Amino acid sequence: MQDKNNTQYFKVEIEKQIRVDEVLKEVYSALREKGYNPVNQIVGYIMSGDPTYITSHRNARSMIMKVERDELVEEVLRSYIKNNCWE
């Protein structure tokens, strides 16, 4: 029986924060392994929201669906700007 005089604790495990750049790297790699053009497939997914553009190989589809599409666009743009010395 629980002691009503003590505070009870409820612990919820928080899912590990997903880094968008890591997701893109993993998805890109999985698409290449399966013989797809990763850029075309990722753009197709971002534009349409249709997850079937991404292979389920190596859990890539599941991973990319955990990230908002606008976050994917932000990461790609951020990386492009950084690599072209515009900052």
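1. The accessible surface of the protein amounts to about 7,300 Å², and carbon and sulfur atoms account for 50% of this area. These values come from a predicted model. Of the 87 residues in the protein, 23% are buried.

2. The secondary structure consists of 4 helices and 0 strands. Read from the N terminus, the order of elements is α-α-α-α. Where contacts in the protein link residues at least 6 apart in sequence, 44% of them join residues at least 24 apart.

3. Helix α1 covers residues 20-33. Its 14 residues, at 1.5 Å a residue, should span 20 Å, and this agrees with the separation of 20 Å between its end C-alpha atoms. Just after α1, G35 adopts a positive phi of about 90°.

4. Several residues of α1 are buried, namely V20, D21, V23, L24, V27, A30 and L31. Residues three or four places apart in an α-helix point the same way, because there are 3.6 residues a turn. The cover over the buried residues of α1 includes α2 (38-48), α3 (60-65) and α4.

5. Two packed helices are described by the angle between their axes and the distance between the axes. For α1 and α4 (residues 69-83), the axes come within 10 Å and cross at roughly 90°. The helix α1 is therefore roughly perpendicular to α4.

6. Which residues form the contact of α1 with α4? On the α1 side they are V20, D21 and L24, which meet E71, L72, E75 and V76 in α4. The residues of this contact comprise 4 nonpolar, no polar and 3 charged. Within this group, V20, D21 and L24 are also buried.

How values were computed
Residues are numbered from 1 along each chain as its sequence is written. This is a predicted model: local features need pLDDT of at least 70, side-chain atom pairs count only at pLDDT 80 or more; totals for chains, interfaces and linings use all residues. Side-chain values use heavy atoms; hydrogens and water are left out. Helices (H or I, at least four residues) and strands (E, at least two) are DSSP runs, numbered from the N terminus. Buried means under 20% relative accessible area, exposed over 50%, partly exposed in between (1.4 Å probe, protein chains only). Contact means heavy atoms within 4.5 Å. Accessible areas come from the Shrake-Rupley method with a 1.4 Å probe; for residues, only the protein chains shown count as cover. Axes are lines fitted to C-alpha atoms, for helices over the stretch in contact, and angles run from 0 to 180 degrees between N-to-C directions. Angles under 35 degrees count as roughly parallel, over 145 as roughly antiparallel, 65 to 115 as roughly perpendicular and the rest as oblique. Ala, Val, Leu, Ile, Met, Phe, Trp, Tyr, Cys and Pro count as nonpolar, Asp, Glu, Lys and Arg as charged, and the others, Gly among them, as polar. The expected span of a helix is 1.5 Å times one less than its number of residues.
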